[in-house]
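Trainee: I would like to go through this model with you. Can we take it one question at a time?

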Amino acid sequence: MTFEQLVFYGFAGLTLVAGLSVVSLRNPVHAALALILCFFSTAGLWLLMEAEFLAIALVLVYVGAVMVLFMFVVMMLDINIEETKKGFGKILLVAMILTIPMVVAVGTVMNSNFFKTSSFSYIAREDVNYNNTREIGLKLFTDYILLFEIASLILLVAIIAAIALTLRTSRQTKAPNVDDQVSVRRDDRVKLIDVKE
Amino acid sequence: MARALVCLVSKVIHKGVILIKDFFFQAFGFLPDEIIFTLWTITKIAAICVPLMASVAYITFAERKIIGYIQARVGPNRVGPKGWLQPIADALKLLTKEVIIPNGANKFLFLSAPVLALAPSLAAWAAIPFDDQLVLADINAGLLYVLALTSLGVYGIIIAGWASNSKYAFLGAMRSAAQIVSYEIAMGFALVGVLIAAGSLSLGEIISSQDSNLGFFGWYWAPLFPLFVIYFISGVAETNRAPFDVSEGESEIVAGFHVEYAGMAFALFFLAEYANMILISALTAVLFMGGWLSPIPSIPDGIHWLLLKVSFFLFLFLWFRATFPRYRYDQIMRLGWKIFLPITILWIVVISAAVVYKIPPWFSS
């Protein structure tokens, strides 16, 4: 076994264990932390495939931003852990049935020609000057520019929708208006009175 | 005289590194190549981390001295000559104290949180170039790597706040999470400006593209001035330093996320905060202040310039702490989202136009 294989099996095993923990841990905070570990080990696998841009972007976006917000929400929940243990047996049967189509779907994709190991034999190690970030950038902004722009448009709409949702009701917060605060002058607040003896 | 001395020091460092490397490879020549390479890398990591930890210790001393003089006091002057042994005494005190684990705390997460806070601030140093040859790993996505790692430090704080099973700690963690997510966006956009100007994600190439016959005025702080200011302020916010230290907020929530920590576990949070300060200062120096380049083209470049710039930014950190009162929480959010974010986006448009139309003197080539 070469060193690379050792690293691969290490990360792959870690990904599987972390993924299983996400669904099996009772405490939602622990599950979220397991998900972060899962992202990390996946990033490690991608680094092994010399896709350093994808690996770092996964850590930057998902671990650095998305999961922080996730943790923020999950920590605020006041969940009774005993409660979550109830009714597991009832769900189990339904869950088992639901996994069958998923296993079939994943199996079909993995068995397709694209994922056959024999079709990967042509992949050689790139030389030292190969820059994965540059390659992805060139592809995104030339061949796939239309798809890239559509994806960003969808994200923009989602951002606007999320902000619009918070504006549905009339403004009820008691947050002070900063412009008013900044424009306050001394004379608005202080009145000097000459007290005569 | 002083200039010649500085040049001599930087030459000695270079010669010394080469000598040590030769000696190392000869002494361990009987081992297989992979093991020598691993040992050599570990030696390099130690050569970065040990001086870093020593500087952390003495920045705490510098902080107390500088803030002391700003407030017309003397600062610590009892332990050792003029107080120079104070940080060592502090470290010994913290080492010998008991690590208390609060009731109902998650023991594993409680103890791993300080490690999670410190590790990213050390790992980020791998990509920082000290010189045109001295760098641990000159990876071609260095900027992204550093940005990804600086965004991970928040987990130490969040997990510490949650695992402590304390309301104050939890409030600190919540504040910190929201604050870091907000300021990371402005920070990321400021870095996008740098990478547009340099045309590269590698930190070494970013520095060499700032090299011009303009010297000091050719560095990126000049064309990217708003981004430079925003990056450094966001850096102060990201390290939870005053005036953005709401996650500690000792006058509001006792000590925030580390209220339940004692002894060495507490000391690790302290180390992480100061290591992060040095990291942010080094990154600002590398990205906007030309790293190892000298401000006047006729004077040779060298690692001493980088150290000088880092010291200057570290001094700014301490100066801020002694000068500004703590921001109110909603003001922090407003500054991040409503002021920094629009300015960075505007300046990215400006800088893209400047690069496309080759505006002199910075982008003429």
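Mentor: The axes of helix H9 (residues 225-238) of chain B and helix H10 (residues 263-288) of chain B come within 10 Å and cross at roughly 165 degrees. This is a predicted model, where local features need pLDDT of at least 70, side-chain atom pairs count only at pLDDT 80 or more, and totals for chains, interfaces and linings use all residues. Residues are numbered from 1 along each chain as its sequence is written, with chains lettered from A and ligands numbered from 1 in the order in which they are written.

Trainee: Is H9(B) roughly parallel or roughly antiparallel to H10(B)?

Mentor: Axes are lines fitted to C-alpha atoms, for helices over the stretch in contact, and angles run from 0 to 180 degrees between N-to-C directions. Under 35 degrees counts as roughly parallel, over 145 as roughly antiparallel, 65 to 115 as roughly perpendicular and the rest as oblique. The crossing here is at roughly 165 degrees. So H9(B) and H10(B) are roughly antiparallel.

Trainee: Which residues of H10(B) make the contact with H9(B)?

Mentor: Contact means that C-beta atoms, placed from the backbone, lie within 7 Å. Helices are DSSP runs (H or I, at least four residues), numbered from the N terminus. H9(B) brings B:Phe228, B:Tyr231, B:Phe232, B:Gly235 and B:Glu238. From H10(B) come B:Ile280, B:Thr284 and B:Phe288.

Trainee: Which helix gives the most to the side of chain B that touches chain A?

Mentor: In total, 20 residues of chain B are in contact with 18 residues of chain A. Helix H5 (142-150), helix H6 (153-163), helix H7 (167-198) and helix H12 (329-356) of chain B each supply at least two residues of that side. With six residues, the one that gives the most is H7(B).

Trainee: Is B:Ala72 buried or exposed?

Mentor: B:Ala72 sits in the loop between helix H2 (33-70) and helix H3 (86-96) of chain B. Its phi is near 60 degrees, a positive value in a residue other than glycine. A residue is buried with 20 or more other C-beta atoms within 10 Å of its own, exposed with 12 or fewer, and partly exposed in between. B:Ala72 has 6 such neighbours inside 10 Å, so this residue counts as exposed.

Terms used: Contact = placed C-beta atoms within 7 Å.
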